[in-house]
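Welcome! Take a moment to turn the model around on your screen, and then read along with this short report.

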Amino acid sequence: MQRGMQRDSAILGIETSCDETAAAVVRSGETMLSNVVYSQIAAHQPYGGVVPEVASREHLKAIVPVVRQALSGANETYNSIDAIAVTQGPGLAGALLVGITYAKALAFALEKPLIAVNHLEGHIHAVLLEERQKGNHELEFPVLALVVSGGHTHLYLATQSGESWSYENIGRTRDDAAGEAFDKVAKLLALGYPGGPMVDKLSKHGNPKAIKFAGSQLKHPDRNKKDPQNDHPRFDFSYSGMKTAILRHVETHNLKPSIESRRNALAPIPKPKLEDYLANCDRETLGLIASFQRSLVEDLVGKTLAAAQAYNVKTLFVTGGVAANNELRERFEQDGSRAGLRVMFPSRPLSTDNAAMIAAAAYPKFLAGDFAGMDFSAEAGLVLR
Ligand code: KG4
Ligand code: ZN
């Protein structure tokens, strides 16, 4: 199709909701022309978690070069793009505002349409973008999406009517997000920040059955709960109990000295690698790590598949940072196919935060003419519907 025709449009996506400054250009919701992610991990590492003030400052420094790189990588210019899409929320208000303010300024100066995107919808469209890129345009409904990241653990039933998508939340975490549990346990055990990727790698070296966490601490009796609004069954999650169980295990098994010696041994290494951690983790610690991951994965997969069965789902999306986890993917693939489900994940680069997913989620809104005015603002707690 010709450029400028409605169905062939290049959208610039901008994402600054947390600790990644990202920009990407996606053509017609299906062809990723560029995808630039500037990670702020190094800036937050000394604090062991994301510091909102630091995140805003880092976004301010990175936003202009990251957008320029995304445009040049796509062989596009400020003038050749058809629309600008930006994450409105949920996320850190100050961080979101950097992307929103820049996107508004660009849209105003270039006289291009502006599209506000929910970050969680972005994670869902990361799957759709890559499926379309592979040539798969068929989707069997109902679709269930598990969005599982550092800030979120949500189950959505996704429906499409014409070009528009809508979402019904049928489950969420009552306390910590799954990625937050990975990060907090990793921090407790001195495994670096963010901890998910290292827990993933180390788990392969430990016995996942070494420690039995009591089921009652891991499972939430929500399976029979109904949504008071519509009487639909709910499938909520809870991960703070698991975190506390690990803390208690560390205390009762006197693991603090070995954690401290690991912390001291790794402190001088600028970017510790898997081998560095392995050299400083004994069998007991590796067993604890593998058992934690096994428990969390079993809980996530079990509840999600129970929800899929209750809603007679045909297709399951698993997306968000924690969807990069190897054991989670394997479990979903095995148990999902046994349950007759088609399970789809984004590639690992599109599992974690990026702007290609924002540009992809904006495309149906572009087609529908669903544009944002200049008066919208960041919404830290934006709900997906
Ligand atoms: O989607 P994302 O980049 O940001 C949010 O929207 O939160 O997700 C980041 C989260 C972090 O908690 C990180 O530890 C986790 O995803 N994560 C992983 C893995 N890779 C990233 N957790 C488990 N296994 C992984 N391989
Ligand atoms: Zn995210």
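## Polar contacts with the ligand

Let's start at ligand 1, where a backbone N or O atom of Gly321 sits 3.0 Å from one of the ligand's oxygen atoms. Asp353 also brings a backbone N or O atom to 3.0 Å from an oxygen atom of ligand 1. From His119, a polar side-chain atom lies 3.4 Å from an oxygen atom of the ligand. A polar contact here is a pair of N or O atoms within 3.5 Å; within protein, one must be able to donate a hydrogen and the other to accept it, and residues adjacent in sequence count only if both atoms are side-chain atoms.

Before going on, please note that this is a predicted model, in which local features need pLDDT of at least 70 and side-chain atom pairs count only at pLDDT 80 or more, while totals for chains, interfaces and linings use all residues. Residues are numbered from 1 along each chain as its sequence is written, chains are lettered from A and ligands numbered from 1 in the order in which they are written, and side-chain values use heavy atoms, with hydrogens and water left out.

## The shell around the ligand

Helices (H or I, at least four residues) and strands (E, at least two) are DSSP runs, numbered from the N terminus.

## Two domains

The chain is divided into domain 1 (3–136 + 351–368) and domain 2 (143–348), with bounds from an automatic or database domain assignment. Their centres, taken over C-alpha atoms, are 26 Å apart. The contact (heavy atoms within 4.5 Å) takes 25 residues from domain 1 and 24 residues from domain 2.

Most residues other than glycine have a negative phi, and most peptide bonds are trans. Yet a cis peptide bond joins Gly89 and Pro90, with omega about -10°, and Pro90 is in the loop between strand S4 (83–89) and helix H3 (93–110). Another cis peptide bond links Tyr193 and Pro194, with omega about -15°; Pro194 lies in the loop between H5 and H6.
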